[in-house]
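The sequence and structure come first.

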Amino acid sequence: MAKSKSAYSEPGKLGKSEHHIIVVWVDNEAGVLARVVGLFSGRGYNIESLAVAEVDKKKHISRITILTSGTPSVIEKIKLQLKNLIPVHKVAYFKINDPNRLIIIFLVLLCLRGLLTFQGLPITLFELKWLLLGQRSAEGFFMYKEIFDYTGPLSVFFYRIIDQIFGKSQHAHHIISSFWLFLNAIIFNRFLKRNKNFSENNNLPALFFVVYAVAIPDFMVLSPQVMSLTFLLMGLSRVLDRIASETTDVLFLYTGIHVGIATLFYPPAITYFFIFLISFFLFSSSKLRRIGLYFNGFFIPLVLISCFFYWNDNGT
């Protein structure tokens, strides 16, 4: 069998292949494009897309934009070989799926948060209630016995921790909610990429998640909904993994645990317990043992929190 000339089949080149955009500035003269393309074809590199444009008429400089894929070592070798071509002035490359771009998304979130803060929006009734819940809980009053409210116990626990560290501070809630929302965006973006919901992996889902969340007031404050959403997204990721693959039954257990924790943050999240259960029946070969694991996972955090309240004589 003839040995493959492709650079991707050489020893040591195996690894995670990612898409890259390579930009090359060259002299605008005859035969340059053929030399660049010949470098790729002669060494077995793949060109998925190619665009050429003149960028400086006085200096006769053209820009060649190439979309290719390969492991980091392959891309680095392409870059070095392009620099050795005589008519090449400059070479730059960019990863399509660059994790550093998440920093830009976080800066977008901070800018949007800053605009709302500078507008001097008044504190809402719900924010005031969450601040008071944290204060009263930090003072030693117990939920559902001395404090009567329907807020989830884990949400109240976090409000208490914030009050103990920062006091009754609305700004602390806003700052923490920004980081929490960014965490949700990362989780959302991660499981979409892992399940290959788009033809090209990128960080646009995280950006859209942040932009849409700004339009929902409950998502721009440290609400129980925001905290609960983190674990619902984790549970949804497990559901999609289970539907796509018949790998392990422990995914049922993890999904139940995530939904159970989400319910302790925001009790109406129990609705997703039934939604996920129906999805298991419709899109997966669910057996009684697997459904039992799902139920057990859901009740584990609920039983633990019930034991806590019983131990402190706060159960209803």
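In helix α2 of this predicted model, the buried residues are Val-74, Ile-75, Ile-78, Lys-79, Gln-81 and Leu-82. The helix covers residues 72–83, and at 1.5 Å a residue its twelve residues should span 16 Å; the end C-alpha atoms are 17 Å apart, which agrees.

Helix α1 (residues 32–42) packs against α2 at an angle of about 145 degrees, and the axes lie 11 Å apart. The crossing of α1 past α2 is right-handed. The residues that make this contact are listed by helix below.

| Helix | Residues in the contact |
|---|---|
| α1 | Val-36, Leu-39, Phe-40 |
| α2 | Ile-78, Gln-81, Leu-82 |

By class, the contact of α1 with α2 holds five nonpolar residues, one polar and no charged. Three residues of the α2 side, Ile-78, Gln-81 and Leu-82, are also among the buried residues of that helix.

In soluble globular proteins, nonpolar side chains tend to be buried together. The largest nonpolar core here has 36 residues, of which Leu-133, Met-143, Leu-154, Leu-222, Met-227 and Phe-265 touch the most other members. Two or more residues each come from α4 (125–138), α5 (153–166), α6 (170–194), α7 (204–214), α8 (224–244), α9 (250–265) and α11 (288–311). The largest contribution, seven residues, is that of α6. Another core, of 17 residues, lies apart from this one and includes Tyr-45, Ile-66, Val-74 and Val-91.

Leaving out residues up to four places away in sequence, Leu-133 touches Met-143, Ile-147, Asp-149, Thr-151 and Val-156.

Definitions and conventions:
Residues are numbered from 1 along each chain as its sequence is written. This is a predicted model: local features need pLDDT of at least 70, side-chain atom pairs count only at pLDDT 80 or more; totals for chains, interfaces and linings use all residues. Side-chain values use heavy atoms; hydrogens and water are left out. Helices (H or I, at least four residues) and strands (E, at least two) are DSSP runs, numbered from the N terminus. The expected span of a helix is 1.5 Å times one less than its number of residues. Buried means under 20% relative accessible area, exposed over 50%, partly exposed in between (1.4 Å probe, protein chains only). A nonpolar core is a set of buried Ala, Val, Leu, Ile, Met, Phe, Trp, Tyr and Cys residues joined through side-chain atoms within 4.5 Å. Contact means heavy atoms within 4.5 Å. Axes are lines fitted to C-alpha atoms, for helices over the stretch in contact, and angles run from 0 to 180 degrees between N-to-C directions. A crossing is left-handed if the near helix is turned anticlockwise from the far one by less than a right angle, and right-handed if clockwise. Ala, Val, Leu, Ile, Met, Phe, Trp, Tyr, Cys and Pro count as nonpolar, Asp, Glu, Lys and Arg as charged, and the others, Gly among them, as polar.
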